[in-house]
Amino acid sequence: MASEYETVVGIEVHAELLTESKVFCGCPTRFGAAPNTQTCPICLGMPGVLPVLNKRALEFTIRTALALNCQVAEFSKFDRKNYFYPDLPKNYQISQYDLPIGRNGYLDIDVDGEQKRIRIRRVHLEEETGKSLHAGEDIIAATHSLVDFNRAGIPLMEIVSEADMRSADEARAYLNKLRSVLLAIGVSDCKMEEGSMRCEANVSVRPVGASEFGTQTELKNIASFRAVHRAIEFEAARQIALLKSGEHVTRETRHWDDERGETVRMRGKEEAHDYRYFPEPDLVPLEIGREWVESIRESMPELPDARRGRYVRELGIPEYDAGLIADSPAMTRFFEEAVGLGGDAREIAKWMLGELSAALNASGGDFESCPVRPSHLVETLSLIKTGRISGKIAKSVLEDIFGTGRSPEEIVRERGLVQISDEAQLVAVVDKVIAANPGPVSDFRGGKEKALTFLVGQVMKETRGRANPEATNRILRERLAEGTGR
Amino acid sequence: MRLCDMTMHALHDLLENGEVSSEEITRSVLERIEETEGMIQSFLNLAPEEEALARARQADRMIRDARRQGSAISPVAGIPIAIKDNMCTRGIPTTCGSAILSEFVPPYDATVVKRLVDGGAVMIGKTNMDEFAMGSSTENSRFHPTRNPWDPSRVPGGSSGGSAAAVAAGEAVAALGSDTGGSVRQPASFCSVVGLKPTYGRVSRYGLVAFASSLDQIGPLTRDVRDCAMVMNVIAGPDPMDSTCVSEPAPDYTGFLDRGVRGLRIGLPREYFGPGMDPEVRSLVEGAVRALEGLGAEVIDVTLPHSEYALATYYLVAPAEASSNLARYDGIRYGLRARGSQDVVSLMKRTRSEGFGPEVKRRIMLGTYALSSGYYDAYYLKALKVRTLLRQDLANAFERCDCVVSPTSPTVPFKLGERVEDPLAMYLSDIYTITANLTGAPAVSVPCGFSSGLPCGIHFVGRLFEEGTLIRIAHTLEGALGIADMRPSVAGRRDA
Ligand SMILES: [Zn+2]
């Protein structure tokens, strides 16, 4: 039984920062430019050049450290991490070793309705490397390799958690939460598919109740949150199977093969690098002024947790729904704008998470690019509220906006969707329906309440859904009662 | 005296008054190069004659315009200047005296080069050096050794030996060198010119190919102290491209020249003047100190108790940083690429095996060892602690005195080949100069006489950012000794 064992997970996340220029030179950081067009002597590590720190990158790292409840170092420095690699221009990476910008923080996550605190060990700043491209099937069969240095020198932040997660679900919840925080504070776009966010998981298992950690393996090359979940589940099961068969887990680095759904050994501990860290002599040590840190703290936007609390408390949004909106910057922006336009917050949330999310899921879009703008939604909701259209019609109106981008008022007018609430008009339709459906009418009169639903449906059909449902109900009951002489 | 043998300030005055043109000065220097370079071999790469003359004519136009407008001209305007081959020059090969960079043409200028060029200096060529500035004789150049203009059977010192020899021989009016453990001052001493290592952070290192980043500093090699101050006025000062360069602007160094030494205290470190110092060197240095005393300086005894550890500390810190700085030469992006490799690892190994000379390899291995895990604390970290003690030693001394004096080198220039097989003997050449690099302090070497016809230099170390005090002392001494006008008689000794 797997439940005899407990999974222990720690996560390392690398996130590229959304600065305009690179961390130690003035080169732009746009994604997708032609290879080696965003380079200069500095990020190419040419002889004689020196790095100069981009203050914005430091500010973003401090912002992250604050958002993750870390202590921000007053004194920090950069170190060189030495290793040979063709896409590493200087054959050392400027990174941080013993004095990271942020340490000892935490992030609260929710798993199955329970809140759990995951401790953050450190947040530090380093430079991104270039990218090797192998001409051929794979690295072994390649006839030659090319290197693109556009990415080299983009500011990269490393966020290391403590081994506080106990399941693949918790790991995924942690990553989701971390991403929502990084997005909220605007420091990274967190696009795993573009490599601007990457993660590694350190996984071990131990008998339930044990206090010592088991031997861990390090999982690399995980390309999505879904893959993280699968990789951890696979690896934990593999380790448990090993232990159960009396073998032991080897400390090693393993590669996640998403296609085959398994982890594969990359290298062992004995092959681990000796990075020969030492203080980077080309950069002056960092003295991070408290005033600056406080001004960054003051300028911080509202974080997802606080936002969710506010939505629940002040706007009466259900906890779960509030969390969904608060965790996504695009949904937050949409929601806030709609509420700002005077819409009913609860209705807005309901429609966003219902109709709009379904449509967006189907089309593969998101709230940022949603053809239905907050103003459209608010207008549609007010048409319902004033009784001009029914909720059902509203769905069709939103569908129309989604496809055409036209305004709700225009759609309702042109398609003649205005709800019929006029008493005389409705009485005429109701009488027609009663006359045409003697069977259900007598059923209802015989006490079958259900038959009323059918008759309402018939009225709706006659009016192409425009009949005011409440009025229709009332009039039907009245006319049916009259006919019996009651 | 031929134009090529004159000081920069004398030439500057002539240029300012329109009595001579940069073209004439440049021609004179080119003629001297024609006469002597075959023997001295100061240069690795000379500017083509036409190019040098074109630059000179451009400088002449600049000077004429300035004169017409009554504006000041840069002290280096129209002056033929040589640059050590480890400072990047746009479009001109920069080899660092190494096979691994033999094909490297930088796409940019070092900040110091840019400042000289903007000031109208005529860049005459790139000078020879020990490979990646590692060495004390310029014999470690992968291309050829340089000879001492005072005695071509002897070394010019190193690693800026090419720059020192060029200035001494009249092949350039002034030159830039780089100093990691004494590489400007020791060759200045061997060639009887003035060599200054400014305070770490006073002159931008941007574009200086790094040897040991925390020790490297660019400095001038000139015919006299006034020239030194004038070159400093052009190259010193903040640079946004180098964050280790201080943001305070540099003072006018010529303002210190004539202030004399009255009231200054000169510290004689007990540890340096013990037994073992070459007696001739000792008597020349002591003579110079007495001369300064005669001009009003006070001489006191000081102590630098950790001096004996300086050399060992240097040979941990410098190779450690070098092992990292030189890691980028791997055949992937520029410079030499070894042929015949099937994979990237063997490509890197072969390129580095073929591209680096024995001294560079020795230091890379030393540095890699000192930084490796398990040894870091015992070696590198320990060295950093000693470095702090050395700084403290100097700070203590400077509470009592304004400079610390010593010979620049324990000996006069030695014979070519004499120490090639004995790296430790070679390392001892830097024993007096190394502390200034480890502590960041400014230091200057000034000629103080000759021992059997061979030059000897005296060395002063000052407080951080007080190059002015050193210039004051050096200029006063120079006036008292009256040897600044002496030039080696290299002319006509070609192929001697
Ligand atoms: Zn760049």
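1. In this predicted model, strand β11 (residues 197–207) of chain A and strand β12 (residues 217–222) of chain A are paired in the antiparallel sense, over four bridges. Within this pairing, Ala201(A) has Leu219(A) in β12(A) as its bridge partner.

2. β11(A) also pairs with β1(A), again in the antiparallel sense, over eleven bridges. In that pairing Glu6(A) stands opposite Arg206(A) of β11(A). Nine of the eleven residues of β11(A) are buried, so the strand is mostly covered. In a regular strand, side chains alternate between the two faces of the sheet.

3. Chain A also has an open sheet of three strands, in the order β5-β4-β15, with antiparallel pairing. Its edge strands are β5 (92–95) and β15 of chain A, each of which pairs on one side only. Strand β4 (residues 79–82) of chain A is joined to β5(A) by four bridges in the antiparallel sense. Arg80(A) is found opposite Ile94(A) in β5(A).

4. Which residues hold the zinc ion? Its protein donors are the SG atoms of Cys25(A), Cys27(A), Cys40(A) and Cys43(A), at 2.3 to 2.4 Å from the ion. Along the chain these donors follow the spacing C-x1-C-x12-C-x2-C. Cys25(A) and Cys43(A) both lie in the loop between β1 (5–16) and α1 (55–67) of chain A, so the pair ties together parts that are 18 residues apart in sequence. Both Cys25(A) and Cys43(A) are buried.

5. Why is the zinc site called tetrahedral? The four donor atoms subtend angles of 100 to 115° around the ion, which makes the arrangement tetrahedral. The cut-off is that all angles lie between 85 and 135 degrees. For reference, the ideal angle for four tetrahedral donors is 109.5 degrees.

6. Over all chains, the structure holds 63 salt bridges. One of them joins the side chains of Arg205(B) and Asp282(A), at 3.1 Å from N to O. This pair crosses between chains: Arg205(B) is in the loop between β5 (194–197) and β6 (217–222) of chain B, and Asp282(A) is in the loop between β15 (278–279) and β16 (286–287) of chain A. Arg205(B) has a relative accessible area of 3% and is therefore buried. Asp282(A), with 2% relative accessibility, also counts as buried. The cut-off for buried is under 20% relative accessible area.

7. Within chain B, a salt bridge links the side chains of Asp179(B) and Arg185(B) at 2.8 Å, N to O. Asp179(B) and Arg185(B) are both buried. Another salt bridge joins Arg333(B) to Asp330(B) at 3.5 Å, N to O. Asp330(B) counts as buried because its relative accessibility is 1%. In chain A, salt bridges with shared partners connect Glu235(A), Arg238(A), Glu252(A), Arg254(A) and Arg265(A) in one network.

8. The largest nonpolar core has 108 residues, and Ile458(B) and Phe460(B) touch the most other members. Helix α7 (residues 225–235) of chain B supplies the largest share of this core, eight residues. Leaving aside neighbours within four places in sequence, the contacts of Phe460(B) include Leu292(B), Cys403(B), Pro442(B), Val446(B), Leu470(B) and Leu477(B). Another core, of 61 residues, lies apart from the largest one; among its members are Ile109(A), Ala171(A), Val181(A) and Met192(A).

9. Is Gly195(B) buried or exposed? Gly195(B), found in strand β5 of chain B, counts as buried because its relative accessibility is 0%. Leaving aside neighbours within four places in sequence, Gly195(B) is in contact with residues including Val184(B), Arg185(B), Ala188(B), Leu221(B) and Val444(B). Leu371(B) lies 176 residues from Gly195(B) in sequence and 32 Å from it in space, C-alpha to C-alpha.

10. In helix α1 (residues 8–16) of chain B, the buried residues are Met8(B), His9(B), Leu11(B), His12(B), Leu14(B) and Leu15(B). An α-helix has 3.6 residues a turn, so residues three or four places apart point the same way. The buried residues of α1(B) pack against α2 (22–40), α3 (49–69), β4 (174–179) and α7 of chain B. Just after α1(B), Gly18(B) takes a positive phi of about 75°.

Conventions. Residues are numbered from 1 along each chain as its sequence is written. Chains are lettered from A and ligands numbered from 1 in the order in which they are written. This is a predicted model: local features need pLDDT of at least 70, side-chain atom pairs count only at pLDDT 80 or more; totals for chains, interfaces and linings use all residues. Side-chain values use heavy atoms; hydrogens and water are left out. Donors are N, O and S atoms within 2.8 Å of the metal (3.2 Å for Na, K and Ca); water is not among the atoms, so sites may look incomplete. Four donors count as tetrahedral if all angles lie between 85 and 135 degrees; four count as square planar and six as octahedral if opposite donors are over 155 degrees apart and all others between 65 and 115; anything else is irregular. Helices (H or I, at least four residues) and strands (E, at least two) are DSSP runs, numbered from the N terminus. Buried means under 20% relative accessible area, exposed over 50%, partly exposed in between (1.4 Å probe, protein chains only). A salt bridge is a side-chain nitrogen of Lys or Arg within 4 Å of a carboxyl oxygen of Asp or Glu. A nonpolar core is a set of buried Ala, Val, Leu, Ile, Met, Phe, Trp, Tyr and Cys residues joined through side-chain atoms within 4.5 Å. Contact means heavy atoms within 4.5 Å. Two strands pair if DSSP finds at least two bridges between them.
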